Amino acid sequence: MSNHSRTQSLVFGIPWPELNDGLFYSDVVPHSDSELTLIDFYSRKYKNSAPLQGWLQRIQNGQISVDGRVVKDPNTILSGDSVLVYHRLPWKEPDVPHLLEVLYEDDDMIIRAQDLGCHCHTSMCARQVSLNKPSGLQVLPGGLFQQRTVLTQLCWSVKKQNSTLNSQETHPVPVHRLGRGTSGILLCAKTKVAKTRLAAYFADGTSLVGATSNRKAERSGTRKISKIYRALVTGILVDDKVIIDQPIGIVRYPGVAKGLYVASPSGKPALSKVEVLERDEKQNCTLVQVEIESGRPHQIRIHLSFIGHPLLGDPLYIAGGQPRCFDPELVDESFAQDGGYQRPTNPVPGDCGYYLHAHRLVLSHPTTNEMIYITAPLSTILQTSDEANGSPGSISINSGN
């Protein structure tokens, strides 16, 4: 039993600077691309980053160096093994929350929260952290958000606590993702061992979905982690319980370089268990609880929209598990001030407005095998009538299996 678990609520976070630090992207020219011009190299390899005219602007603006020398001539001929560096200039990222609240922390893990009056009670210690992520804050860098993320605040927090930190053991990183518009429990690992084991818990759960009945029987009762969400959906669900096993795949979509996840018969297996908590006939919406046994991106949003009940306020997914605006051939060649594509006018996965909260998490501790039960507080709109005066988030620990 360690003595390094945190038993009191802690709110932390550093306000975001006006501009981020920009980014540097490096490439080594392969011999197969020698004799290409600078503009050909970038406009072909990174056509999802900017249109041709955008790359011309970046080159002529002095944002690209070749072997340490800034080159502004787009027709410069490249040589094999040359080192190219593109400097994406600093920019102001959209406004997002910066404060996070810790739900649980020990030597292995962190479980955190935001803007919620959580009180944690635990006698156990390990190497993990749980957070309650606010809606609007992205977990990992991507797209417009390269600095304003949960990961950045985790790193800043460690540096603030110990500016001379050299230990390889302290390595706070999220081990799963929540959509930018999703709030609730986010599990983070503080050591590489904890990260590996916790990531395996998530992967094992997903691998069981779509497995043969024999394999499911062999693995029944062995799930190391369970996630339960609270969501508000449009319309009135008739059945009290619904199991959705619609596969999820990827399609081309303007503004999403790697493609958009949608309901697709040729996609990967996915399983969601939905239970109705309360129906509101007057407002024509239903409060539901969703347990996911796989972890496909945007799974709950896609599955609930697939059965005809999209999340209330979801700007992207509509009935059928498809995007609201869909023209895979549409490409906007206009570019923004930094040379990249303009922000798409059609909805994208990172857009917020829906009501989805990671409410409860049950997991087997990665080093002690003790069972941890974590509950993140609910916003008023996601509470049942009986929960209106309920208790805040809590944690409990059970020893053994």
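The model is predicted, so local features are given only where pLDDT is at least 70 and side-chain atom pairs count only at pLDDT 80 or more, while totals for chains, interfaces and linings use all residues. Residues are numbered from 1 along each chain as its sequence is written, and side-chain values use heavy atoms, with hydrogens and water left out. The secondary structure of the protein comes to six helices and 20 strands, where helices (H or I, at least four residues) and strands (E, at least two) are DSSP runs numbered from the N terminus.

**Overall picture**

- The protein has 401 residues, and 46% of them count as buried; here buried means under 20% relative accessible area, exposed means over 50%, and partly exposed lies in between, with a 1.4 Å probe and protein chains only.
- Among contacts between residues at least 6 apart in sequence, 65% join residues at least 24 apart, a contact being heavy atoms within 4.5 Å.
- The accessible surface comes to about 19700 Å², and carbon and sulfur atoms account for 51% of that area; such areas come from the Shrake-Rupley method with a 1.4 Å probe, and for residues only the protein chains shown count as cover.

**Nonpolar cores**

- In soluble globular proteins, nonpolar side chains tend to be buried together.
- The largest nonpolar core has 50 residues, of which L131, L187, V288, L304 and L363 touch the most other members; a nonpolar core is a set of buried Ala, Val, Leu, Ile, Met, Phe, Trp, Tyr and Cys residues joined through side-chain atoms within 4.5 Å.
- Strand β6, which covers residues 100–113, gives the most to this core, with six residues.
- Another core lies apart from it and has 15 residues, among them F41, L78, L84 and Y86.

**Helices α1 and α2**

- Helix α1 spans residues 38–45, and its buried residues are L38, I39, F41, Y42 and S43.
- These buried residues of α1 pack against β2 (23–28), α2 (52–60), β3 (64–66) and β5 (83–88).
- In α2 the buried residues are G54, W55, L56, R58 and I59, and they pack against α1, β3 and β5.
- After α2 comes G62, whose phi is positive, near 80 degrees.

**The cavity**

- The structure holds one cavity of 30 Å³ or more, and the largest cavity has a volume of about 40 Å³.
- On a 1 Å grid over the protein atoms alone, a cavity is a set of points where a 1.4 Å probe fits but cannot get out, and lining residues have an atom within 4 Å of a point; grid points are joined across faces, edges and corners, and the volume is the space filled by probe spheres set on the points.
- The lining of the largest cavity consists of H176, I185, K227, I228, Y229, A358, H359, R360 and L361.
- The elements that give two or more residues to this lining are β10 (225–234) and β18 (356–364), with the largest share, four residues, coming from β18.
- By class, the lining has five nonpolar, two polar and two charged residues, where Ala, Val, Leu, Ile, Met, Phe, Trp, Tyr, Cys and Pro count as nonpolar, Asp, Glu, Lys and Arg as charged, and the others, Gly among them, as polar.

- R88 lies in strand β5 and counts as buried because its relative accessibility is 15%; not counting residues up to four places away in sequence, R88 touches G22, L23, Y25, Q63, G143, Q146 and D338.
- S65 is found in strand β3 and, at 15% relative accessibility, counts as buried; leaving aside neighbours within four places in sequence, S65 is in contact with V70, V71, V83, L84 and V85.
- L271 sits in the loop between β13 (256–263) and β14 and counts as buried at 16% relative accessibility; L271 and Q299 are 28 residues apart in sequence and 8.5 Å apart in space, C-alpha to C-alpha.

- Most residues other than glycine have a negative phi.
- N284, in the loop between β14 (272–280) and β15 (285–292), has a positive phi near 55 degrees and counts as partly exposed at 46% relative accessibility.
- H298, in the loop between β15 and α6 (299–306), has a positive phi near 60 degrees and counts as partly exposed at 24% relative accessibility.

Definitions and conventions. 1 Å grid on protein atoms, 1.4 Å probe; cavity = no way out; pocket = protein on both sides within 12 Å on 5 of 7 lines; lining within 4 Å.
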